[in-house]
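Here are my notes on the two-chain model you passed along.

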Amino acid sequence: MEAVRIKDLTFTYPGADLPALEGINLSLEEGRILCILGPTGCGKTTLLKNLKPIVRPHGEIRGSVEIFMGEVGDLSQREQAAGIGYVTQNPENQIVTDKVWHELAFGLENLGTEPETIRRKVAEIAGFFGIESWYKNMTSELSGGQKQLLNLAAAMVSSPRLLLLDEPTAQLDPVAAADFLAAVKRVNLELGTTIILTEHRTDEVVSLADKICVMKDGQVGAYGTARDIARKAVQGERLNDKVSLLDIMPQPLQAYAASEDGDCEWDLPLDVPSGRRWLSGIIEVGELAEQGSQHFPEDAKAKEDRTAKEHAVEVKKVWYRYDKNRSDVLKGVNLKVSKGEVFALLGGNGAGKTTLLNLLCGNAKAYRGEVSAKGSIAMLPQDPQTLFLDDTAGGEFGERHPYDLSGGEQQRLALEIVFSADADIYLLDEPTKGLDPYYKKKLIEQIRKLKDEGKTIIIVSHDMTFCARVADKCAMLFRGEIVSEEAARKFFAENMYYTTPVGRMSRGLIEGALLPEDIGSR
Amino acid sequence: MYLRHDEFTKYHPGTNFAYFCAVIILSLVIFHPVTMGISLAGALVYAILLRGGKSLKFFFSMPFIIMILTVILNPIFVHKGITPLFYIGDSPVTKEAFIYGACATLMIGSVMMWFYCYSQVMTSDRFMAVAGRVMPKSSLVFSMVLRFIPRLKNQAVKIRNARRNAGTNGEAVSKTKEAAGQMSMLTTWALENSIETSDAMRSRGYGLPGRTHYSGYKMQARDGVFIALLIIFAVTVIAGKITGALFFAAYPQVKIGLSEGGSGAYIAAFALMCFAPAVIEIAEELRWKQLESKI
């Protein structure tokens, strides 16, 4: 039996000229994972919300949406609450209560479950998701990843048959995102729950999903297995005038498409292992040696820059902690960034990256050591919403209120505000968060332009491909110390794990390749 | 933060709550020098059991100072009573006013220390467990407020920091406009985010009839025993008050006890009540010692 059957679904927001969804036909078997991909504004979220009418926005609906229990419009509130789990993007806003255990019990309390049954189910779910060690904690003390895992657990506590996840990892760092998706996979494998999720991180998702649906302009652009979609992407299918299907596909596939080398229609490279299979097939023995250093042309130049130019930012033996009684976040950090340089700071969560930015711009003070910056500073904070001041967004967004924009649009507006400030030094905290491939490319151009004007840019990011493209120099922070600092390409080429997917895929096969186009120009 | 969990805190929050209510109300009602002295001693012992030296630091920082002031000021301002000790100008300082002040000071000190213990034992979620049973709706609101306040504070700081480094954008924004803008954005943030939260609540069935309440705590046999004993002791003490055995008046002349049988039994009942947490703790300690010696 099919778990979900959508027939000719058309949905129009009130007052809109064009429907947000048009003639959607989709069906999904029980126990499958369906991933909906597509550029921002293509209707992914609207489609997801149409599967659970209590959260569906107002609008005109035509066509039918059926799930195992029947037509969704006919389901009672109780059936919807218990039978369909729903988790959205923002981990923070979905948490209702102040304690983890209470959050887990909340849904069951609403359904009128007996306290004895709640006790059992909450214990079970906490065990399943490994929440025991922070079960008694305050929800405000959790990390972003823990919060989102809690939201997933809280949605699963009434054992729904269908789980809807709307860009659940958009606000998480890669490690937390991978943990979250692993938990989603476990829910599917061990409980057989049917899952529909929207995502923009295709690298992780293609190996997770049984079926992929690519949406364009409110319609189903392509539907099938990951390999079906990949084949279409390689053939050059476009999603709109700005984004092609290939742009949102995993990087190994982009590398394959760029090189047009080797025939593997039967095994398209979608992840690192299949990428290695493909590469090792096309590389001649002995070819390895010649590759060598050709990929570090910027290296010598970078060295020259270091000695020639004055420093824009200098951090000398800086120590920092938030509170007298807590441990140090930064431990004797030394850092010099030359004027006109694009510098990327990488590292895991809690390594002190954001803290270091806060010290640079004066939001925090070091208790030992010196921080000096020559020139004015503008900073893009982690949360774009904190930067808005006016009721209208302005510019390309017109009269809309900043809070009415989507996550990616808010990020673009925040970037616009920061770049319009005439500063000498720009600090960017996770600048690519929520941006689709097209706007990522535009951001890279913008940063290069600023660099040409002699501005200094310091980036904190988890997006390694972005850093490899844009940065001159990279440094890695680990537990409050800088453990390595090098010219960007050299930095990534020498890292084993902390590097781009293409870097991992080509390690030992093509030295120094980091980006899909590197393989193409081989 | 290091928090010592004494044995009584491991009882059901309802038991804890009933205990504190009884002890605090009786300490206020039974105005008797001996019971109040016992009450203060009991509160201090329990506070030390809970928080060690920190509780003494609290005691000497506030309750103690208020107590000293009461003892000194009451006889200076109140001139009731018939036994003058000495005169300040024309006003007599009487023995009765002094004794009354001393008793009042014990009461103030004991109630303050009981509230201190209460705040250590009845953390927000333990209070919720009690309140939720009586008023499930308001207790949820309480829980949401507890979550919201730190978030709002945090966001205000984040907005201030972000705006400080947003650059001037060519045109300088006046300080008042900047402040008003930040305030309005903080409000918008709170409203917008609460819409998402209310969606999340509805999605999980909030608003359906027949909501139940879950606290995670379970009543045990020892809670029943404790509450039964608590009732017996409290009734005994109240009986002592009604019969006059625990009568005390300072004005116009100091008078203690009206009944003939004496007040020993009533005072003993009150003492057992005040030292109950300490007794439980010691009993538990002895039980462990015994268990260990068997191993």
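**Notes on the interface, salt bridges and rings**

1. Let's start where the chains meet: the rule finds four salt bridges across the interface of chain B and chain A. The rule asks for a side-chain nitrogen of Lys or Arg within 4 Å of a carboxyl oxygen of Asp or Glu. In one of them B:R147 pairs with A:E92, and the closest N and O atoms are 3.2 Å apart. Bear in mind that this is a predicted model, where local features need pLDDT of at least 70 and side-chain atom pairs count only at pLDDT 80 or more, while totals for chains, interfaces and linings use all residues. Side-chain values use heavy atoms, with hydrogens and water left out, residues are numbered from 1 along each chain as its sequence is written, and chains are lettered from A and ligands numbered from 1 in the order in which they are written.

2. How many residues of chain B are in contact with chain A? The count is 53 residues of chain B against 59 residues of chain A, with contact meaning heavy atoms within 4.5 Å. About 4900 Å² is buried between the two chains, and carbon and sulfur atoms give 50% of that. Buried area here is the accessible area (1.4 Å probe) that two parts lose on being put together, summed over both. B:R147 turns up again: with B:R204 and B:Y214 it supplies 20% of the area that chain B buries against chain A, more than any other three residues.

3. There are also 23 residue pairs in polar contact across the interface of chain B and chain A, both residues at pLDDT 80 or more. A polar contact is a pair of N or O atoms within 3.5 Å; within protein, one must be able to donate a hydrogen and the other to accept it, and residues adjacent in sequence count only if both atoms are side-chain atoms. On the side of chain B that touches chain A, the elements giving two or more residues are α6 (124-134), α7 (136-164) and α8 (175-203) of chain B. The largest share, 17 residues, comes from α8(B). Helices are DSSP runs (H or I, at least four residues), as are strands (E, at least two), numbered from the N terminus.

4. Over all chains the salt-bridge count comes to 32. A:E92 has a partner in its own chain too: A:K147, at 2.9 Å between the closest N and O atoms. That pair links distant parts of the chain, with A:K147 in helix α5 (residues 144-156) of chain A and A:E92 in the loop between β6 (84-87) and α3 (100-110) of chain A, 55 residues apart. Is A:K147 buried or exposed? A:K147 counts as buried, at 8% relative accessibility; buried means under 20% relative accessible area, exposed over 50%, and partly exposed in between (1.4 Å probe, protein chains only).

5. For contrast, look at a pair within one helix. A:E494 and A:K490 meet in a salt bridge at 3.5 Å, N to O. They are about one helical turn apart because they sit four residues apart in helix α17 (residues 488-494) of chain A. A:E494 is partly exposed at 45% relative accessibility, and A:K490 is partly exposed at 25%.

6. On to the rings: the structure holds 32 aromatic pairs over all chains. Rings of Phe, Tyr and Trp (its six-membered ring) pair if their centres lie within 6.5 Å; planes under 30 degrees apart count as stacked, over 60 as edge-to-face and the rest as tilted. B:F58 and B:Y116 are stacked, at 4.4 Å centre to centre and 15° between the planes. B:F58 is in helix α3 (residues 53-61) of chain B and B:Y116 in helix α5 (residues 95-121) of chain B, 58 residues apart. B:F58 is partly exposed at 24%, whereas B:Y116 is buried at 10%.

7. B:S27, in helix α1 (residues 13-29) of chain B, is buried at 1% relative accessibility. Its side chain reaches the backbone oxygen of B:V23 at 2.7 Å, and a polar contact of 2.8 Å joins the side chains of B:S27 and B:S39.
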